[in-house]
Amino acid sequence: MRQKILILGGTQEALATAARLVEDGHNVITSLAGRTQQPPTVGGQIRIGGFGGIKGLADYLSKNQIDILIDATHPFAEQISLNAIEAAKQANIPLQNLDRPEWRKSPGDRWIAVSSIDEAIEEIPENARVFLALGSQHIHSFAHRSDVYFAVRMVDPPSEPLPFKQHSLVLGKPGADPQSEINILKEHQISHLICRNSGGAVSFNKVVAARLLSLPVIMIQRPTK
Ligand code: NAP
């Protein structure tokens, strides 16, 4: 039966799910927070921007007669997932979670597991050269480490200058293979990678690159959603 489905997106998995469901004949709307300047091409319809909390999302689901809500957001996007649980209850529709498995350590990996950004900062040795692959909203927390050189990867150029004493900007999406990530790590003479255990194939390339270069990875564990 043809269903009207709202996908909470912002990930590659959300795009793949939308494409598959459209192909299966469903009426699919993908919702994006609007954090990146260039929205991706999505199968079905797209809507952009917050809903206004739980009530806003619940109202949207009811008004638009959504049959199924799919949470395909990033594992570190905690608020929207909490909102989805409550809003689906209020709208009395099923919620499906599309959580991607977290990365597992392999032989050769030198991971330092931490549970927060603050712990990650504490683990950076003095005068390290760090590749920072985190959402732009988190990078300001590292600013007081003036002893550290940061290579910061961002999808879009920052709206204001970055707050670091020593840094360079690596603009663009994650590299499509480990070799392109190796090239970046080498170019910036990186000694440590900091990232979150977000799972997923493309963003894993930097972790493989660190393994191949025998670099330590300060790995922020994911929250329980
Ligand atoms: P968040 O903290 O969980 O959400 C903050 C607020 O942003 C939500 O309360 C909601 O606003 C709005 N929002 C989030 N995702 C939305 C969506 N798919 N559609 C409409 N509104 C959305 O989320 P975040 O960590 O800022 O991440 C924002 C988006 O970027 C997510 O969709 C996520 O999939 C994607 N993303 C996040 C990360 C990450 O590291 N966190 C990485 C890659 C992609 P209202 O309360 O007004 O509805």
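The structure holds nine salt bridges. The model is a predicted one.

- Glutamate 86 and lysine 89 form a salt bridge through their side chains, with an N to O distance of 3.3 Å.
- Both residues belong to helix H3, where they are three residues apart, about one turn of the helix.
- Glutamate 86 has a relative accessible area of 30% and is therefore partly exposed.
- Lysine 89 reaches 57% relative accessibility, so this residue counts as exposed, the cut-off being over 50%.

**Salt-bridge network**

- Asp99, Glu102, Arg104 and Arg222 are joined in a network of salt bridges.
- Arginine 222 is buried, because its relative accessible area of 18% falls under the 20% cut-off.
- Aspartate 99, in contrast, is partly exposed, with a relative accessible area of 47%.
- Glutamate 102 and arginine 104 also form a salt bridge, in which the closest N and O atoms are 3.9 Å apart.
- Glutamate 102 is partly exposed at a relative accessible area of 29%, whereas arginine 104, at 62% relative accessibility, counts as exposed.

- A polar side-chain atom of serine 31 is placed 2.7 Å from a nitrogen atom of the ligand.
- Glycine 9 contributes a backbone N or O atom that lies 2.9 Å from an oxygen atom of the ligand.
- A polar backbone atom of histidine 74 is 2.9 Å from an oxygen atom of the ligand.
- The ligand taken alone exposes 800 Å², and the protein buries 79% of that area.

**Composition of the ligand shell**

- Strand S2 (27–32) and helix H3 (78–91) are the elements that give two or more residues to the shell around the ligand.
- Helix H3 gives the most, with four residues.
- The shell comprises 22 residues, of which Ser31, Arg35, Phe51, Gly52 and Arg196 come nearest to the ligand.
- By class, twelve residues of the shell are polar, six are nonpolar and four are charged.

Technical notes
Residues numbered from 1 in each chain as written. Predicted model: local features only at pLDDT ≥ 70, side-chain atom pairs only at ≥ 80, totals over all residues. Heavy atoms only, no water. Near = heavy atom within 4 Å. Polar contact = N/O pair within 3.5 Å; in protein donor to acceptor, adjacent residues only side chain to side chain. Areas by Shrake-Rupley, 256 points an atom, 1.4 Å probe, with all protein chains shown as cover. Nonpolar A, V, L, I, M, F, W, Y, C, P; charged D, E, K, R; others polar. Salt bridge = Lys/Arg side-chain N within 4 Å of Asp/Glu carboxyl O. Buried < 20%, exposed > 50% of the residue type's maximum accessible area, 1.4 Å probe, protein only.
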